[in-house]
Amino acid sequence: MEVRKIVSKVVGVAQSGIGVLAIIFGYILYYNLFDIQDMLNASAQNVPLYFLFLFIFGLISVISGFFLIYE
Amino acid sequence: MDKSGLRRELGLLHATMFGIGGAISAGVFVMLGHATSLAGAAIIIVLPLCGIINLFTMCSYAELGAAIPSAGGEYTFAKVAYGGLVAFLTGWFEWISNAFFAALSSVGFAYIVSYIFPTINVPLTAIIMIIIFTVINIRGVKEAGTAETMMIVVLLIILAIYFLVGWLYGPGTGTLQMSAPKGFLGIAEATAYIFVVYLGAEAIAVTQAEIKNPSKTIPRAIILSAITLIVVYTLIAYVTVRAVPPEILGKEVSPLTYVAGKMMGPLGAILITIAGMIAALSSLNTSIVAQSRVAYALSRDGYFPAAFMKIHRRFGVPHVAVILSSLFTIALAATGVIQFVGYATDFGFIIGFTLVNLSLMKLRQKKPNLERPFKVPLYPFTPIAGIVTSLVLLLFIDMKVLTLGAGLGVLALMAYYLSMVGHYRIRIAFGGMSLGIGVFVALLVYMMETGLVPLVMPPILLYALIFVSATSILAGVLNITTPTRKIF
């Protein structure tokens with residue numbers, strides 16, 4: 001049981017971290033900070049869609065990660 | 001100490017000041033101008049009319065507060081009367097309205113300060129004030145009550161000076177020419193517009209678990225604060241329209257400051273600005289108390305996470321509810337979208353009024369033998385008048401309010417059904433989503449590697465995607481195979 005708890009915490013922290021990074025990346029992409037849209041050849045028309053995907057993915061990852069951290 | 005763990009430390013004076021402080025916000029200092037442009041000098045009829053409409057519902061608050069003196073106010077009344085979804089919706093709107101009202105008060109305070117110090121950062125000032133009052137509230141409800149009493153006493157003294165100077169030495173002919181330039185419709189619009197200045201006094205009912213001798217103190221404090229507000233607002237409106245014609249007042253951003261400047265010079269303008277700041281802070285204080293107690297009650301019944309229910313050992317207050325509710329308020333205040341915040345406050349409070357009157361009528365039928373230290377006079381006409389007048393006011397409010405209200409209602413339904421589903425099932429659902437995302441990303445990587453998808457990626461990004469996929473799959477499996485079936 002102890003091993004499962006440790007694994008859950010590690011995976012939870014990793015998944016939450018991924019989620020937070022995805023949301024931050026989504027914002028950077030949406031507001032075109034550091035000219036990232038040019039760097040990634042992302043068309044401005046599709047950027048809101050990318051942001052939506054990244055935000056939903058990030059939110060699910062953060063919530064799922066928190067369930068594991070506070071198991 | 002109440003059996004909930006909350007301490008009964010508020011007497012009649014503190015409770016009444018909570019009611020007055022909850023209602024007198026920055027609103028009256030800035031809204032009187034537009035209301036006067038709608039109703040003309042008839043504003044001195046509009047304000048007591050609003051007060052009487054408010055009094056109908058305050059009578060219901062007094063009866064229910066004395067009969068069911070436990071934390072949560074409207075939510076607790078609706079829970080005893082109806083239970084289930086109606087109770088949750090009442091609590092939800094009450095919590096949201098108070099959070100919005102706290103944000104509105106803090107941003108209002110910051111705007112008033114910005115008249116004196118134009119260089120200040122408005123959202124930052126608002127956030128600092130929320131933090132200060134959160135700390136005061138964590139220190140204990142008595143400290144919050146004492147802070148409120150001090151602020152309201154100073155505020156009432158300043159308003160009394162304003163009235164006396166206006167009455168004895170103010171400009172004007174001494175006689176008031178009654179006028180209503182837009183007729184009945186203008187008076188109705190002004191009533192709907194300025195009604196918000198009476199909202200907030202029901203905070204007494206929310207803190208009822210912390211009031212000494214509640215069966216006597218609650219009805220007295222509620223009725224006393226409602227009548228005091230009618231007197232204060234009517235007298236202020238009278239000297240204001242007597243001193244300056246309504247058509248000029250309508251153009252002023254801060255009409256009371258303008259009139260005080262006319263009557264008392266720059267000192268008067270400064271004095272009224274200080275009064276505006278105190279009013280904003282007192283309503284901020286009251287709404288922080290109210291929203292945390294509603295969150296506490298919702299948590300007590302399993303709708304909100306259990307953390308909201310924790311009581312501080314030393315200070316005897318629901319400190320987690322105070323902190324988390326204040327964080328929500330800070331997020332709202334930081335946006336600075338004051339119009340949105342104002343609309344939400346109006347809608348939530350008016351819906352709350354209707355539900356309280358309905359709860360009173362339901363309880364009279366359902367529990368006729370319930371001990372009622374105070375009874376609403378002229379029942380059932382008083383609560384029916386409360387419901388009808390509240391709903392009529394809703395008709396004169398901007399259409400955006402109704403749209404926003406519908407959105408908040410949908411959010412409430414989502415929150416209610418999620419809380420009914422329970423922690424375990426939500427966790428399984430998120431585990432499933434995680435697993436699905438992980439498998440999808442793994443499939444994408446495989447298709448890119450085998451050339452099925454014509455997308456070339458640098459190796460570092462490919463490894464990152466593999467890491468994301470592995471983590472998501474593992475997290476999904478761990479969440480689905482959770483050993484605990486905890487339902488909150």
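## Confidence of the model

pLDDT is the predictor's confidence in each residue, given on a scale from 0 to 100. In this predicted model, local features need a pLDDT of at least 70 and side-chain atom pairs count only at pLDDT 80 or more, while totals for chains, interfaces and linings use all residues. Residues are numbered from 1 along each chain as its sequence is written, and chains are lettered from A, with ligands numbered from 1, in the order in which they are written.

Chain B averages a pLDDT of 81, and 90% of its residues score at least 70. Within chain B, confidence is lowest in helix α9 (residues 203–206), with a mean of 72, and highest in helix α19 (residues 459–480), at 91; helices here are DSSP runs of H or I with at least four residues, numbered from the N terminus. For the complex, the predictor gives an ipTM of 0.92 and a pTM of 0.70.

## Domains and the contact between chains

Chain B is divided into domain 1 (12–421) and domain 2 (423–480), with bounds that come from an automatic or database domain assignment. The C-alpha centres of these two domains of chain B lie 50 Å apart.

Between the chains, 14 residues of chain A are in contact with 14 residues of chain B, where contact requires C-beta atoms, placed from the backbone, to lie within 7 Å. On the side of chain A that touches chain B, α1 (2–30) and α3 (47–69) of chain A each supply at least two residues, and α3(A) gives the most, with 7 residues.

Helix α16 (residues 381–395) of chain B has 15 residues and reaches 21 Å from its first C-alpha to its last, close to the 21 Å expected at 1.5 Å a residue, a span taken as 1.5 Å times one less than the number of residues. Among the residues of α16(B) that are buried are B:Pro383, B:Ile387 and B:Leu393; buried means that 20 or more other C-beta atoms, placed from the backbone, lie within 10 Å of a residue's own, exposed means 12 or fewer, and partly exposed is in between.

The loop between α15 (338–366) and α16 of chain B holds B:Pro380, which is joined to B:Tyr379 by a cis peptide bond with omega at about 5°. B:Leu378 has its place in the loop between α15 and α16 of chain B, and its phi is near 55°, a positive value in a residue other than glycine. B:Leu378 counts as exposed because 11 other C-beta atoms lie within 10 Å.

Key:
Two residues are in contact if their C-beta atoms, placed from the backbone, lie within 7 Å.
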